[in-house]
Amino acid sequence: MSLTVTESADQVTDRPQPTKPRRKSKNRRAFWMRQFIAWHWISSAVSLVGMLMFAITGITLNHGSEIEAEPVRRFEAMTLSDDQLSKLESMPAEGTEVLPAELRDSLGEQLNFSLKDREAEYSADEVYLSMQSPGADAWLAIDRETGDVEFEETKRGWIAFFNDLHKGRHTGLVWKYFLDVFSVATIVFCLSGLLLLIMHAKRRAMTWPLVSLGFIGPLLLIILFMH
């Protein structure tokens, strides 16, 4: 025996139907969720290596006195040939200017050090180059009368190299632009993460307590221990 239940048209129309505003709200939420997720993973991919490097070098900088490496120094003394010395005669008596290309190249080969297009400081009796780079320092002095050359290079190791990258010390214009791009990517990563936290906060009770801890913790350390 079977039982058939029928509903009248009035009963069907009396059922609560989903409202269009609710559908629009869900669609809008899904759209922004996709946008925030996309920006979050793109910015994390762009800034991943940089964030790891800056996090690690933050530790090495914080404990610099405990993990400091012994600097390696190299000193060279030589005398310019007459041909090399003659290249300086046309250079200014004072001011700053790049060494003549031929002199720069020949000196670089003799010293096994790239002088690049670094500007030298000229005075009446000496030409001096200060050559600084991440994790290393060097200087070159040339006596304009005798042609005597003194050169010293100091290398402080790989940790010092990455610490200087962290600080942007003697890194040049290209690294400066990289730091700008990295900073923007990190800001996008943090803000998109915050927006995702806002969208999921209702289902995750610990969201705002943890965010508050991340803000209040450093603030208390500053107030209580930095005098």
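## Sheet, aromatic pairs and a buried Phe

An open sheet is built from 6 strands in the order β1-β6-β5-β4-β3-β2, with antiparallel pairing. Two strands pair if DSSP finds at least two bridges between them. Strands here are DSSP runs of E with at least two residues; helices are runs of H or I with at least four; both are numbered from the N terminus. β1 (72–79) and β2 (95–98) each have a single partner strand and stand at the edges, so one side of each lacks a neighbour in the sheet. On average, neighbouring strands of this sheet are turned by 20 degrees against each other, direction ignored. Axes are lines fitted to C-alpha atoms, for helices over the stretch in contact; angles run from 0 to 180 degrees between N-to-C directions.

This is a predicted model: local features need pLDDT of at least 70, side-chain atom pairs count only at pLDDT 80 or more, and totals for chains, interfaces and linings use all residues. Residues are numbered from 1 along each chain as its sequence is written, and side-chain values use heavy atoms, leaving out hydrogens and water.

Strands β4 (residues 126–133) and β5 (residues 136–143) run antiparallel and are joined by 8 bridges. Leu-129 stands opposite Leu-140 in β5. Helix α4 (residues 101–111) packs on the sheet and touches β1, β2, β5 and β6 (148–155). Contact means heavy atoms within 4.5 Å. The direction of α4 makes about 125 degrees with that of β1.

### Aromatic rings

A pair of aromatic rings is described by the distance of the centres and the angle of the planes. Rings of Phe, Tyr and Trp (its six-membered ring) pair if their centres lie within 6.5 Å; planes under 30 degrees apart count as stacked, over 60 as edge-to-face, and the rest as tilted. By this rule there are 10 aromatic pairs. Phe-178 and Phe-182 are stacked, because their ring centres lie 6.2 Å apart and their planes meet at 20 degrees. Both residues belong to helix α6 (residues 172–200), 4 residues apart, about one turn of the helix. Ring pairs link Phe-54, Trp-175, Phe-178 and Phe-182 into a cluster.

Buried means under 20% relative accessible area, exposed over 50%, and partly exposed in between (1.4 Å probe, protein chains only).

| Residue | Relative accessibility | Class |
|---|---|---|
| Phe-36 | 16% | buried |
| Phe-178 | 33% | partly exposed |
| Phe-182 | 11% | buried |

### Around Phe-36

Phe-36 sits in helix α2 (residues 20–62). Leaving aside residues up to four places away in sequence, Phe-36 touches Ser-192, Leu-195, Leu-196 and Met-199. The C-alpha atoms of Phe-36 and Phe-189 are separated by 9.4 Å, while the two residues are 153 residues apart along the chain.
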